[in-house]
Amino acid sequence: MPHVDRAVSPWWQRPGLEVHAGRLAVCGQDAETLARRLGTPLFVTDVDRVVENARRLRAGFRAAGFGLTLPPAIVRFALKANRQPAVLAALRRIAPPGDPEAVGIDACSPGEVELALAAGWRAGEISFTGTNLSDRDLDRLLPTGVHLNLDAVSQVERVGRRAPGRSIGLRLNPGRGVGYHEGLAYSGERPTKFGIYADRLDEALAVAGRHDLVVDTVHVHAGSGWLADALPAFEAVLDRVRTMAEQVRGAGAPLGEVNVGGGIGVPARAEEPPVEPADYASATRERLRPLLEAGVRVACEPGDFVVKDAAILLAEVVTVEERGGTTFVGLDVGWNNDCAYFIYRFAQELVVCRAADAPRDRVVTVAGHINEAGDLFAEDYAMPEVREGDIVALLNAGGYHQEEASWHCLRAPAPGIHLVRQPELPA
Ligand SMILES: Cc1ncc(COP(=O)(O)O)c(C=O)c1O
């Protein structure tokens, strides 16, 4: 008789992150065994998933006609999300410079530009969009030759004085935003620190004109982590961007690119709807259609979409204790390694590695080992029975975790390993 598993297949399963006989396996390897052998906390990255995600996005653009009836969309990876050498090498290997399939880089600091150049990207494949740049930053950026999107009228003035005649982009704030929650919207009616609002666009163009700067790009990053139900809000952002881009063209600028930023989210719970890349691409096509018909190209710069679900963070359960009616599950890792909830208020799924598909029949709060009350990973969260000594995996740990790790409380940044999937052995 075939084995019948009474447990429900977890929603997050995919090739490379699977349940084998009830146990969590990553790239075909038993997750708990990795943790016992290598110690915890430990990041484990499925490098194949990174490449797969980049290709899924590319396929979505192709399904919407980019690279067929329209010029290919330009995809640049937001380096701030993950700068692990194995991840960068895999992205670089997708296609060589100049190939329309190649994944470029979005950088936000001089250090990121220098890292991308050292990792094999050409200056022409790197787009820089930073904020509150100092003159020292400009001294490092301008000689590299990378394209700069400037996000303040004062930046246009300072770049113009130093490098007249250069081609630049303008980061716009369309007065609308979109994010996983309000705090993750980076543009909107309530003034945010990013970009040039419509009421100062003419002034920015005039300053650019005074310094013979050529505005060839408009850029927007409206926020992060948004999901399929926020697609209409993203479309509303693009409507405003289209209007502002038309104003830029109307002023005589030879606009060649609209960069729609990053921000596509990755579900953290069964009920969170994933953004289908083809829907994203066709929404972009429709909202920017008049610009595309005028020969303007679309670019985007996703971070989380490419890397977030490619890594897990393994940790040991060191405490299970009831306090005032709440069961606290304490881990040997803290927000200094996994800031998803602490900083961004992103949810994360936690999986008990020995019982990865067990029914989630109790409610707990999961906390870390940093001496701060806010050092939590999940509150009032349904988990299976969990015991001290268990190994748990925090999913969606591939973006903005290792990169933001710190030595807070002298708890060390966790090491990481990078795996590729095992080829299927012939039966
Ligand atoms: C300008 C810019 N581009 C791209 C990104 C990448 O965002 P995400 O990882 O949400 O795709 C960010 C993130 O903050 C950003 O600020």
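# Briefing: strands, helix packing and ligand shell

Three strands make up an open sheet, ordered β1-β2-β3, and their pairing is antiparallel. β1 (17-20) and β3 (29-30) stand at the edges with a single partner strand each, so one side of each has no neighbour in the sheet. The model is predicted.

**Strand pairing**

- Strand β2 (residues 23-26) pairs with β3 in the antiparallel sense, and two bridges are involved.
- A25 has D30 of β3 as its bridge partner.
- Strand β14 (residues 311-323) and strand β15 (residues 326-331) run antiparallel and are joined by six bridges.
- V317 has L331 of β15 standing opposite.
- The hairpin of β14 and β15 has two residues between the strands, and G324 in this hairpin takes a positive phi near 55 degrees.
- β15 is also joined to strand β17 (residues 362-367), here by three bridges, and this pair runs parallel.
- F328 is placed opposite T365, a residue of β17.
- In general, the strands of a sheet pair through backbone hydrogen bonds, in either a parallel or an antiparallel sense.

**Helix α2 against α3**

- Helix α2 (residues 47-63) packs on helix α3 (residues 85-93) at an angle of about 40 degrees, and their axes are 9 Å apart.
- The two helices, α2 and α3, are therefore oblique to each other.
- The crossing in which α2 passes α3 is right-handed.
- On the α2 side the contact consists of V47, V50, V51 and A54, which meet A86, V87, A90 and L91 in α3.
- By class, the residues in this contact of α2 with α3 are eight nonpolar, no polar and no charged.

**Helix α2 against α9**

- α2 also packs with helix α9 (residues 277-287), at an angle of about 50 degrees and with the axes 7 Å apart.
- That angle makes α2 oblique to α9.
- α2 and α9 cross in a right-handed sense.
- From α2, the residues R56, L57, A59, G60, F61 and A63 take part in the contact, and from α9 the residues P277, A278, Y280 and A281.
- This contact of α2 with α9 divides into eight nonpolar residues, one polar and one charged.

**Helix α6 against α7**

- Helix α6 (residues 153-162) and helix α7 (residues 201-210) have axes that come within 9 Å and cross at roughly 5 degrees.
- At that angle α6 is roughly parallel to α7.
- The residues of the contact between α6 and α7 comprise five nonpolar, one polar and three charged.

**Ligand shell**

- How many residues surround the ligand? There are 15, and the closest are A78, H221, S224, G262 and G303.
- The shell around the ligand is made up of four nonpolar, eight polar and three charged residues.

**Backbone features in loops**

- Between T40 and P41 the peptide bond is cis, and its omega is near -5 degrees.
- P41 belongs to the loop between α1 (31-38) and β4 (42-46).
- N132 is not a glycine, yet it has a positive phi of about 50 degrees.
- The loop that holds N132 lies between β7 (126-129) and α5 (135-141).

Conventions: Residues are numbered from 1 along each chain as its sequence is written. This is a predicted model: local features need pLDDT of at least 70, side-chain atom pairs count only at pLDDT 80 or more; totals for chains, interfaces and linings use all residues. A residue is near a molecule or strand if its C-beta atom, placed from the backbone, lies within 6 Å of it. Ala, Val, Leu, Ile, Met, Phe, Trp, Tyr, Cys and Pro count as nonpolar, Asp, Glu, Lys and Arg as charged, and the others, Gly among them, as polar. Axes are lines fitted to C-alpha atoms, for helices over the stretch in contact, and angles run from 0 to 180 degrees between N-to-C directions. Helices (H or I, at least four residues) and strands (E, at least two) are DSSP runs, numbered from the N terminus. Angles under 35 degrees count as roughly parallel, over 145 as roughly antiparallel, 65 to 115 as roughly perpendicular and the rest as oblique. A crossing is left-handed if the near helix is turned anticlockwise from the far one by less than a right angle, and right-handed if clockwise. Two residues are in contact if their C-beta atoms, placed from the backbone, lie within 7 Å. Two strands pair if DSSP finds at least two bridges between them.
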